[in-house]
Every structure is written in C-alpha cells, then in structure tokens.
Amino acid sequence: MEENNNKELFTVTVFSENRVGLLNQISIIFTRRKLNIESLSVSPSSIKGVHKFTITAYADETTIAKLVQQVEKRIDVLKSFYYRDDEIVYQEVALYKVPTAELLNEKNLEAIIRHHNARILEITNEYTVIEKTGHDDETTALFEELKRFDIRQFVRSGRVAVTKSPEEYVTMYIEERARRKEEVERCLNAE
Amino acid sequence: MSEIITGAEALIRSLIAEGVDTIFGYPGGAIIPVFDRLYDYRQQLRHILVRHEQGATHAAQGYARVSGRTGVVIVTSGPAATNVITGLSDAMMDSTPLVVITGQVGSELLGSDAFQETDVIGITQPVTKWSYQIRNVEDLRWAVARAFYIASTGRPGPVVLDFAKNAQVATMEWKGYKKCHFVRTYEPNPDINIADVETVAQMINQAERPLIISGHGVEISGGEKELLNLAEKAQIPVVTTLLGMSTIDSGAKLFKGLVGMHGNVAANVAICRCDLLIAIGMRFDDRVTGDPGHFANQAKIVHIDIDSSEFGKIIKPDATIHGDARKVLALLAGCVAPAQHDEWLADFDRAWQVENEKVIAPELNSTRRITMGIVARHVAEAAGKGAVLVTDVGQNQMMSARYFKYTAPRSIITSGGLGTMGFGLPAAIGAKIGAPERTVCFFTGDGGLQMTVEELGVILQYGIDVKIILLNNNFLGMVRQWQDLFYDRRFSETQLVNPNFVMLANSYGIAAEDVETLDKLDAAIDRMLAHKGAYLLNVNIDPEELVYPMIPAGAPISTILLNKDEKYEN
C-alpha cells in the first residue's frame, strides 16, 4: 500500500457524451498516473444526453490538475473539474445487513438509529437492512456501532456531489458550443 | 438519388469522399467484404499490400508526415488489430493523422472469444485520439466522417474504427457523404487570445536573449514561413526539436541547432543562457529537457501549443498561447518590434566552435574509416535540395538527423516519441508514395532494418524508389553505446550475426552494394542516387563509433559529453 502523505482527497467530476467505453478511457488516465480511485459513481446529469462521473482520489493538487486536463482532452469528454470538499455538497449511501436475531437483544436500537439518523429498509426473520446517508466518517461511525451485531454485509456507494458555485459552467459551455456550431455552419454555407 | 448498398461499399465511398487516394492494408477474414468492394474501386483507391500490419501503420505514418494528409490503413481483426498497436502508439506520440480500420467479428459474436476476435477498442483506447466500434451500418458515415475530422485536425493523431462484419455486409440507403466539421466536445481550432499574444510580444520585446524552440507543431501547422518571419524580424535565434528539424532551413543564419540528448552543444547551452524561451509546438520530451528541474530555470518560458493539456505538464510556463502554431506565429510577427540581438547571436559561436573542433571535425574529416556522419552528410549533399530523410531508431537516427541538411518543410520522418525500431523501412515506403517527386533517403541500422525487413516485398511489388543507406556495424549500436559508457563495456546481447544484406536486397529485386572503405563511398552514393528505383547501400561502420555530443539520460542539459574524456565547459 502506498502512503497518502501530502495527498488530499479530491473530487473529480467529468461530463461526457453518453458513449460506450468512456469509463475505461477515464479510468486508465488514473491508472497510468498511479492514482487509486477511492470511489466512483456514474449517472445522467441535469442536461439531457450528458453523463456525469464523480470520482474521488487522493492526490496532490498538481497531479490532479494535470489529470483533469488529460481527461478533458479525451474527445467525448465535455468538461472535467476537480474540487476540495469545501467547494461541494456531497453524499454517500451505506447499507448494513445485520442478523435480526442480534438486533432483537439490543435495548438501545431505537437510540442508535435515531442518533445516526439512519433508517431500516427491510426486516425479515433472518436479517435486517439498515440504510445510512452521510459523509464517509458518518457511515463509518455507524459501522463501528453495528459491529457488535455481527454485520453480514456492508456496502457504501460512490460519492455524489454538486458544486456550491452559483455558476453552472457545463451549461454555459454547452451553450457556447451550440453558438460555435452555428458559426461553423454559417461559414460552411457561405463557402 | 439514393441506392441500397452494403456497409463495405459505403466505407469505400466514404473514403473516396474524404479524398483518400492510397490505402495501406492487408486482408483477412473479418474484412474480406471491404476488400471485395475495394476490387471495384482499384482505379480510384490505390491499395498497397504490405507484408505485416505493423508495416501498414508505419507506411501510413510516412505518407502522412511527408504529405500532411491523413494516412489510411485497413486490416482485419484479431492478430491484425494487435499488430497495428505499435504504429498507433507511435502516431499518438508523434501527432500523426491516421485512420486505421480494423475488421471485427460480427456483433452477435462480440465477447464470445470468437475466432480472431480481440477487444480492439479496449486495447487501442490508451494509444488513440479516438476509437469507435461500428456495429450498426447506420453509424458508418457518421463514424468515418468523425474519424477523419478528429484524426486530421487540432493536434493530429490516430483514430481506430473497428468495423464489425455484420455492419460490413448489412445494407443501407446511400444518400451521399457528409464531412464532419464540428464535434461538440472537441475544439481543434481554438480562437487565439489576442491579449496572450500581446503579452508574449511584450516579453519578446523586453528580452535580451530570446530563444525559439521550434517543434513538430510548426511543421504540422505549415508555419515554417511564419517562423522565419518572426525570427528575422526580432532577430531571435531558432533551435529545433528532432521532429522540428525541417521547420527551418539548415543553412538559415538564425538556425542554431538541434536541442536534446544528442543535440548541438550551442542549442543546449542556449537553453541554459537565454532569458526568454519561446517553445512552439513542442512538448518538453525528456530527451529534450534532461532533468526538467534544471531546464532553463534562469529564463521566462512561453509555451505555444494547440494542445492546452501540454501547458505545465512537464515545464511550468510563465505565459502560454493556445492555438495553431502558424496562426500564432503570424500574429506574433505582426506584434513584435524589430530588434537586434547581435551580442546574443554571437554568444552561440563559442559552443559551435567547440562542437566543430571536438565532435564534428573528427566525425567528418576522418580519412581512415567510414563514419556515420560522413555518410549522412555526403548523401545529403549528393541528394541535393528537397530530399527527405527517413530514419530508423538508434545511432543511425541521431547521426543522420544531425548531419543531414534540411532545405524544405516536411523533410525529416523519424520515430521521435516512441522510438520504434523498425519504423524506418515502411515509413520510407509511405513517404515515397506520399511524395513521389522527392528523393527519399532512408538511414537505418542492421538491427532496425531487420525488424520490418519483410516490407522489402512492398518495394518489389510496387517498384517504390527508396534509397536505403544501411549503417551496418553488426551491433545494436545505441544500446551498445550505453553499455560502453554506462555499463562497463558489458555488451550484453547487442551483437548481431547478420545476413548478406546485398543478396537479401537482390532477392527482392533491389539493386545493392557493399561499401567497405571510405574511398569507395562517394562513387557508391552517386550510383545509388543515379539508379532508377530502390537501392541499398550496405555501409560498413565501426561498432566503436559513438554518437556525440551526449547528455546522459536524466542529467541537467548543461552536462554535455563531447567524447569519452571531455565535458563541455561553459
């Protein structure tokens, strides 16, 4: 394992056309620079036809800035950005599967759920699924708390994030490109 | 007027509509439908049947580099597709426009480990500018148009179209071809920020010791004239990268040499002494910078490139201009004030004197043995104006590049970034096809020639007039040089037992002769150049000969070895 000395967690967002193979193109840019992807989520964005990748990785700023340039260079990528945690609002979801029998012996179950602002999704005779939405430290805290109940499965989603900036740069960029397209077509028609 | 045609036919029509006249290729199972249609278009599309798919890519590179047009390759799936990877990587590193079409098994078989199936998109993504799998015949025209647009514009590069067999045989309605002029996510021709140009013009006006490094981008943009205009107006000395060597006439007064590991002393020294470094269309390769931490620290650095991701990738610039090199150079030439830098220009003289005395004179004035420098210089002089140098990789590359003379744009075709041994022979074939009126002088070594020697068959089949100068020392010379200098002369696995190259060439119908001694050299060169058709000179070279000057890998560029015993002292 490599140390994360002098590295901080960055959130990289990538906006792209919805085309097969883009995830591979993006992930190999991380791999080539020996950056481990901590979490990844892909979803449609608010713009029709544009997909959004949210990726977290530990790196120094110079490395991540160069990486974002390389990502943006890929033909089907519209824009890529990187952020520190204070520039974004972000969330993760965690699910915990615990044997129901273990929970039944717990007197303070309500307090735990309430305290962690978690919720119970499903209860069967065999198991119970608890869900917790929050930051990494919060989902980890609940994990620690539930450990004594013999957690059978645990999973945490990739980070999803939106920026705090009032400017919507991707929307602006797409508008700019639409104008450029008109300009190019005008020039072609004039020829 | 519309008609129903197959995807294979549509591909051929699309290529013709893109202005393609030459294809380098090799048929096979998953691309037979395309070759079948090609048969009907033999008059419009010249197909060059190579002997190995790697050769097709390098030939297409040579064609593209000499002509500025996109090189086109068509091969089959599986092993053919994996054989083009080296050429794709090379084209990616050296910004060469290629469209490589690979056959692919039918879409219904994809992912089933079908016969000759390979994950071409997955394998080629890291080494291509763009790649796309055509599974549906309806995508074909869109994909081909996009491929040519992306390959040839901006910073050029290789594009792969993986053409599934079902889409080749499926039919579609042909409504004519539409070229691509716009991709939303890609801007190959960015508007140049005039404020950036003015800032840089100011920096040039204020500089006392400005220096231009001209790279491949100047050649790609066709900016040779604009480069000279700017340099002459402000009296800025010009040094070049290896791929930029023919962006300025070797005889130009302001040309001060080649930079980098085996570059000219004066050019590398100037990088350490200038107060303003203007890098145009180059990417600060480590063979240029040596230790980047000691690269031009005293100077302000201006970086001009069409690819903004190069800014700060290796060397942090003080100012940048994002745009086409030719356009930027024209704008800069308009903005800068006329200037004189007599003292600065004279500053190069001493280093040139030292290099002349310690390196060049001993190389060129040898009376005993044939040196690589003599061969390159004598060939250049005899070939005259407009000759194209194509090289393989290694000592032959560095020596021929250093001692050749460049009198026209697009005159050096060499594998710079990837350093691909075996690049030379097919690239020379492609260059001759791309510029049939020019003399193509191909310098190679005995190692590199044998890596793609099968392409001699292409010379035979099509009568390609390539002059092959084999600098033969029966060693992998550049590795041997490193073993000599840095590995205590332990010549591990660098000696070759070679075939009789003259007989080998003759068996392909290529005229050839051995040159054993210096006194026989010039007459042999004359015979080679006077001969109509391909010719091979097998020149006997001393394996002890080393390429100097040399900056050891990773050392600061001020550490210049002049020979085994002497370092350049500033």
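**Exercise 1. Determine how far apart the centres of domain 1 and domain 2 of chain B lie, and describe the contact between these domains.**

Solution. Taken over C-alpha atoms, the centres of domain 1 of chain B and domain 2 of chain B are separated by 37 Å. The model is a predicted one. The domain assignment places domain 1 of chain B at 3-174, domain 2 at 194-348 and domain 3 at 370-540.

Next, consider the contact itself: five residues of domain 1 of chain B touch five residues of domain 2 of chain B. On the domain 1 side, these divide by class into one nonpolar, two polar and two charged residues.

**Exercise 2. State the strand order of the six-stranded sheet of chain B, and explain why strand 3 and strand 6 each have a side without a neighbour.**

Solution. Step one is the order: the sheet is open, its strands follow 3-2-4-5-7-6, and the pairing is parallel. Step two concerns the edges. Strand 3 (46-49) and strand 6 (130-134) of chain B each have a single partner strand, so one side of each lacks a neighbour in the sheet.

The partner of strand 6 can then be examined. Strand 6 of chain B pairs with strand 7 of chain B in the parallel sense over five bridges, and B:Trp130 has B:Val159 in strand 7 as its bridge partner. Helix 7 of chain B packs on the sheet, where it touches strand 5, strand 6 and strand 7. The direction of helix 7 makes about 165° with that of strand 7 of chain B.

**Exercise 3. Explain why helix 5 of chain B is largely enclosed, and name the elements against which it packs.**

Solution. Nine of the nine residues of helix 5 (residues 85-93) of chain B are buried, so the rest of the structure largely encloses this helix. Among them are B:Ile85, B:Gly87, B:Asp90 and B:Met93. The buried residues pack against helix 3 (53-67), helix 4 (79-83), strand 5 (98-104), helix 6 (120-124) and strand 7 (158-164) of chain B. Just after the helix, B:Ser95 takes a positive phi of about 45°.

**Exercise 4. Describe the sheet of chain A and the helices that lie across it.**

Solution. First, the sheet is open and has four strands in the order 2-3-1-4, with antiparallel pairing. Strand 2 (37-44) and strand 4 (77-83) of chain A are at the edges with a single partner strand each, so one side of each has no neighbour in the sheet. Neighbouring strands are turned by 15° against each other on average, direction ignored.

Second, strand 1 (residues 8-17) and strand 4 of chain A pair in the antiparallel sense over six bridges; A:Ser16 has A:Val77 in strand 4 as its bridge partner.

Third, helix 2 (residues 61-73) of chain A lies across strand 1, strand 3 (50-59) and strand 4, running at about 170° to strand 4. Helix 6 (residues 169-190) of chain A lies across strand 1 and strand 4, at about 155° to strand 4.

**Exercise 5. Give the number of residues through which chain B and chain A are in contact, and classify the chain B side.**

Solution. The contact involves 15 residues of chain B and 17 residues of chain A. The chain B side comprises seven nonpolar, five polar and three charged residues.

Conventions
Residues numbered from 1 in each chain as written. Chains lettered and ligands numbered in written order. Predicted model: local features only at pLDDT ≥ 70, side-chain atom pairs only at ≥ 80, totals over all residues. Buried ≥ 20, exposed ≤ 12 C-beta atoms within 10 Å, placed from the backbone. Helix = DSSP H or I, 4+ residues; strand = E, 2+ residues; numbered from the N terminus. Contact = placed C-beta atoms within 7 Å. Pairing = 2+ DSSP bridges. Axes fitted to C-alpha atoms, helices over the stretch in contact; angles between N-to-C directions. Nonpolar A, V, L, I, M, F, W, Y, C, P; charged D, E, K, R; others polar. Domains from an automatic or database assignment.
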